[in-house]
Amino acid sequence: MPNTPLSRADFEKALRAKRRYYHIHHPYHKAMYGGQCTPEQIRGWVANRYYYQISIPRKDAAIMANCPDASVRRQWLQRVLDHDGHGEDEGGIEAWLALAESVGLSREEVIDQRHVLPGVRFAVDAYIAFARRASWQEAACSSLTELFAPEIHQSRLDSWPAHYPWIESGGYAYFRKRLAEARRDVEHGLSITLDSFVTAQEQARALEILQFKLDILWSMLDALAMAYVHQTPPYHTVTEEQVYHRGLDQ
C-alpha cells in the first residue's frame, strides 16, 4: 500500500475513475436504454428499485444520527426531504410510484414489495447496515455513486420515450427531478470525502467504500438479470410460487 497520499485533485480523479464500474455498464441497464427490454423486465426493475428508493432516506437518517456536526446535518437533511417530500413537494418516493403506475404496475403491488427479489433486498439491507455502523464520513463517502447518477438519469430520459412508447410520459418526472438534486448532492458529499480522507490509508479506504457501493448496485442488477432475463427466479427449481420472504416485519 503506498504511503504517499494523493493530492486533492488526484484523489478526486481516482474517485471519479470508479465510473467504469457504475451499473450503467451492466447488461441489464444497457438493454434498458438500448430499447431491448420487455415490459416485464422494465416492470421488474421498477418494482425492485422501489426497495432501494425507500431505503435511501433511512440511510441518510443514519448518517445524520452519527454526525455531531449540526452544519453537516442541516445540509444533509435536504436529501431526506427530497425523497420523503415536504410542503407541496411530494418527494422522490411518490414520484417513483408514479413511474411504477406509468409502466403498468399498481401502487399496491409495489408498496407491498411482493416483487422484491432476495438478492435485491439483501444488497440494499447491507447498504443500510453499513451506513448505520460506519462513521458518518465513511457513510457519506458511500453515497458518491451520485457522481455518476446524472448520466444514468439522462440516458433514461433520452432513450426510454422512443424505445418504450407504452410508458406514460408522466412517469419520467422522477428522473428529471433527480438530475438537479444529484448534482447538488455531489458537491457536498465530495467535499466531505476530500476533506475527511487525507492520508494514503484513508484514501484507499474511501476508494474501497465507493467500490462497495458500486458492488451493491451491480449485485441488484445481477439478481434482476437472473429472474427476468435468464428466467431463473429464486427457488425456480422447486416451485413457481413466490416463496421468498418480504421482510421480517411484514
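Quick housekeeping. This is a predicted model, so local features need pLDDT of at least 70 and side-chain atom pairs count only at pLDDT 80 or more, while totals for chains, interfaces and linings use all residues. Residues are numbered from 1 along each chain as its sequence is written, and side-chain values use heavy atoms, with hydrogens and water left out.

Back to Tyr-235. You'll find Tyr-235 in the segment after helix H11 (200-229); helices are DSSP runs of H or I, at least four residues, strands are E runs of at least two, and numbering goes from the N terminus. Tyr-235 counts as partly exposed because its relative accessibility is 47%, where buried means under 20%, exposed over 50%, and partly exposed in between (1.4 Å probe, protein chains only). Phi of Tyr-235 is near 65°, a positive value in a residue other than glycine. Gln-231, also placed in the segment after H11, has a positive phi of about 55° and is not a glycine either. Gln-231 is partly exposed, at 48% relative accessible area.

Now the helix packing. Two packed helices are described by the angle between their axes and the distance between the axes. Axes are lines fitted to C-alpha atoms, for helices over the stretch in contact, and angles run from 0 to 180 degrees between N-to-C directions. Helix H9 (residues 149-163) and helix H10 (residues 173-196) have axes that come within 9 Å and cross at roughly 155°. That makes H9 roughly antiparallel to H10; the cut-offs are under 35 degrees for roughly parallel, over 145 for roughly antiparallel, 65 to 115 for roughly perpendicular, and oblique for the rest. This H9 and H10 crossing is left-handed, meaning the near helix is turned anticlockwise from the far one by less than a right angle, with clockwise being right-handed.

H10 also packs with helix H1 (residues 8-16), at about 125° with the axes 10 Å apart. H1 and H10 are therefore oblique, and their crossing is right-handed.

In the loop between H9 and H10 sits Tyr-164, which is buried at 2% relative accessible area. Tyr-164 is 122 residues from Ile-42 in sequence, yet their C-alphas are 9.5 Å apart.

So, how many salt bridges does a search of the whole structure find? The search gives 13, a salt bridge being a side-chain nitrogen of Lys or Arg within 4 Å of a carboxyl oxygen of Asp or Glu. Take Glu-146 with Arg-79, whose closest N and O atoms are 3.0 Å apart. Glu-146 lies in the loop between helix H8 (136-142) and H9, and Arg-79 in helix H4 (residues 70-84), so this pair ties together parts 67 residues apart in sequence. Glu-146 and Arg-79 are both buried.

Next, Asp-82 with Arg-184, at 2.3 Å between the closest N and O atoms. Asp-82 is in helix H4 and Arg-184 in helix H10, so that pair ties together parts 102 residues apart in sequence. Asp-82 counts as buried at 3% relative accessibility, whereas Arg-184, at 35%, counts as partly exposed. Arg-178 and Asp-185 form a salt bridge too, 3.7 Å from N to O, and both are buried. Through shared partners, salt bridges join Asp-82, Arg-178, Arg-184 and Asp-185 into one network.
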